[in-house]
Amino acid sequence: TDPRKERRRLEDALERAKNELEALQTELKASADHNKAAIFAAHQELLEDPGLLDIVESALAKGKSADYAWHGAFDTQAERLAKLKNVVMAGRAADLRDVGRRVLGILTGRPLEGPRVPPGAILLAEDLTPSEIAKIDPKEVLGLATVGGGATSHVAILARALDIPCVGRLTGLRDKVSEGDPAIVDAETGEAYLRPRPDVV
């Protein structure tokens, strides 16, 4: 493909992603702690990461499409970060994947959508991204339970800001639960109860 044309496509997608993140910050500032909006400011900064953009530029110069170049770049960088033993850097990998998928969605014409959750439900997921949390209506979702993540993840921080109980690191739970199962999420203790006994309820 024409590198100049693909470069323009990527630049347009990056600009649109920055605008979306700006809008998310504004929404979050209006409904939650201003400090939590800084998570999406950090996402904006990731879009300008020189190391990331260098990988993209190298692939574009070889005739790769903007979609291919961008996906390869953010995936490679996220893998590097995830392998580091530092918890903060591992969290940065999740943020990079989140913002990477946002741009990829714009490039492919398949923008990110928030999870569809029935009112009054607890959402169980392998993991959630800050972008997905920002699209959840806190008046309808009773709680969040994730297989990955932890108390210091950006997802947990956003959930607290939106006053949604959130519990992470629930390994093995996904294989035991079916949609519609009664459950309790206790964010105070970090525990989740699946099909709890009456005395627990």
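This is a predicted model: local features need pLDDT of at least 70, side-chain atom pairs count only at pLDDT 80 or more; totals for chains, interfaces and linings use all residues.
Colleague: Let's start with rings. How many aromatic pairs does the structure hold?

Modeller: There is one aromatic pair. Tryptophan 70 and phenylalanine 74 make it, with 6.2 Å centre to centre and 50° between the planes.

Colleague: Stacked, edge-to-face or tilted?

Modeller: That pair is tilted. Stacked would need planes under 30 degrees apart and edge-to-face over 60.

Colleague: Where do tryptophan 70 and phenylalanine 74 sit in helix H4?

Modeller: They are four residues apart in helix H4, residues 66-82, so about one helical turn separates them. As background, an α-helix has 3.6 residues a turn, so residues three or four places apart point the same way.

Colleague: And is tryptophan 70 buried or exposed?

Modeller: Tryptophan 70 counts as buried because its relative accessibility is 0%. Phenylalanine 74 is buried too, with a relative accessible area of 3%.

Colleague: What lies over the face of tyrosine 68?

Modeller: Lysine 64 does, at 5.2 Å from the ring centre.

Colleague: Switching to H5. What span should helix H5 have?

Modeller: Helix H5 covers residues 87-108, and at 1.5 Å a residue its 22 residues should span 32 Å. Its end C-alpha atoms are 32 Å apart, so the two values agree.

Colleague: OK, sheets. What's the strand order in the open sheet of three strands?

Modeller: The order is S1-S2-S3, with parallel pairing. Strand S1 (121-125) and S3 are the edge strands, each pairing on one side only.

Colleague: How many bridges join S2 to S3?

Modeller: Two bridges join strand S2, residues 141-146, to S3. Alanine 145 has valine 167 in S3 as its bridge partner.

Colleague: And S4 with S5, parallel or antiparallel?

Modeller: S4 (residues 183-186) and S5 run antiparallel, joined by four bridges. Alanine 183 stands opposite leucine 194 in S5, and valine 185 stands opposite alanine 192.

Colleague: How many residues are between the strands in that hairpin?

Modeller: Four residues, and glycine 190 in this hairpin takes a positive phi near 75°.

Colleague: How accessible is arginine 195?

Modeller: Arginine 195 counts as partly exposed, because its relative accessibility is 45%.

Colleague: And what's the phi of aspartate 163?

Modeller: Aspartate 163 has a phi near 60°, again positive and again not a glycine.

Colleague: Where does aspartate 163 lie?

Modeller: Aspartate 163 is in the loop between helix H7 (154-161) and strand S3 (166-167).

Colleague: Why does aspartate 163 count as exposed?

Modeller: Because its relative accessibility is 67%, and exposed means over 50%.

Methods
Residues are numbered from 1 along each chain as its sequence is written. Side-chain values use heavy atoms; hydrogens and water are left out. Buried means under 20% relative accessible area, exposed over 50%, partly exposed in between (1.4 Å probe, protein chains only). Two strands pair if DSSP finds at least two bridges between them. Rings of Phe, Tyr and Trp (its six-membered ring) pair if their centres lie within 6.5 Å; planes under 30 degrees apart count as stacked, over 60 as edge-to-face and the rest as tilted. A charge sits over a ring if NZ of Lys or CZ of Arg is within 6 Å of the ring centre and within 35 degrees of the ring normal. The expected span of a helix is 1.5 Å times one less than its number of residues.
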